[in-house]
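This briefing concerns the sheet and the helices of one structure. Please consult the sequence and the model shown below while reading.

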Amino acid sequence: MDKLKSSIVETTQAVDQEREKNVSLLHLIFPPHIARRLWLGEHIEAKAHDHVTMLFSDIVGFTSICSTATPIMVINMLQSLYTQFDLFCGQLDVYKVETIGDAYCVAAGLHKASTEHACQMAWMALRMLDACSEHRTHDGEPIRVGVGVGVSPGGLEQADPPHS
């Protein structure tokens, strides 16, 4: 009986750990309100958003940097830079969509409606560019980043003029 009880306890703990991993993974991939609904097994319909601005960025010369750096150097460089970018997302209320390697993608107006989504993303781009001057590659060179911003059709027509 003791062995059976111990086995049940261990199995229950393993299931709980896997459940926590699944919840964490959902929250890494989806906004919290979507992750919650997925976890509860609810059906989610795709939505179209007319007022969204997207930002895509990558590190200039990333392949060259990787060819002369150790993997841990690259990881540390990306973690340092992207941790700062993540802080900007919180400050500017933009949603980090994805990071893959040196690509960093964020959206404004997607996770919640905003008439200022284009302005939020312009500020995000400027902060990212400025932050790169403070971060260095493994050989001491400043990190350079390419940034592209796209506004959805009709995304600017309702935007308020920038505050002075």
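How many residues lie between E2 and E3 in the hairpin that they form? E2 and E3 form a hairpin with 2 residues between them, and Gly 101 in the turn has a positive phi of about 60°. This is a predicted model, in which local features need pLDDT of at least 70, side-chain atom pairs count only at pLDDT 80 or more, and totals for chains, interfaces and linings use all residues. Residues are numbered from 1 along each chain as its sequence is written, and side-chain values use heavy atoms, with hydrogens and water left out.

**Sheet**

- Four strands make an open sheet in the order E2-E3-E1-E4, with antiparallel pairing; strands (E, at least two residues) and helices (H or I, at least four) are DSSP runs numbered from the N terminus, and two strands pair if DSSP finds at least two bridges between them.
- Strand E2 (95-100) and strand E4 (145-151) stand at the edges with a single partner strand each, so one side of each lacks a neighbour in the sheet.
- Direction ignored, neighbouring strands of this sheet are turned by 15° against each other on average.
- Strand E1 (residues 53-59) runs antiparallel to E4 and is joined to it by 7 bridges; Leu 55 has Val 149 in E4 as its bridge partner.
- The antiparallel pairing of E2 and E3 extends over 5 bridges, and Ile 100 stands opposite Ala 103 in E3.

**Helices**

- Helix H4 packs on the sheet, where it touches E1, E2 and strand E3 (103-108); contact means heavy atoms within 4.5 Å.
- The axes of H4 (residues 71-92) and H5 (residues 117-132) come within 10 Å and cross at roughly 155°; axes are lines fitted to C-alpha atoms, for helices over the stretch in contact, and angles run from 0 to 180 degrees between N-to-C directions.
- H4 and H5 are therefore roughly antiparallel to each other, a term for angles over 145 degrees.
- Residues of H4 including Phe 85 and Phe 88 meet residues of H5, among them Trp 123 and Met 128.

**Record annotation**

- An unreviewed UniProt entry places the feature "domain: Guanylate cyclase" at residues 53-150; such annotations may be inferred rather than shown by experiment.
- The span 53-150 is 46% helix and 26% strand, and its end C-alpha atoms lie 6 Å apart.

Terms used. Angles under 35 degrees count as roughly parallel, over 145 as roughly antiparallel, 65 to 115 as roughly perpendicular and the rest as oblique.
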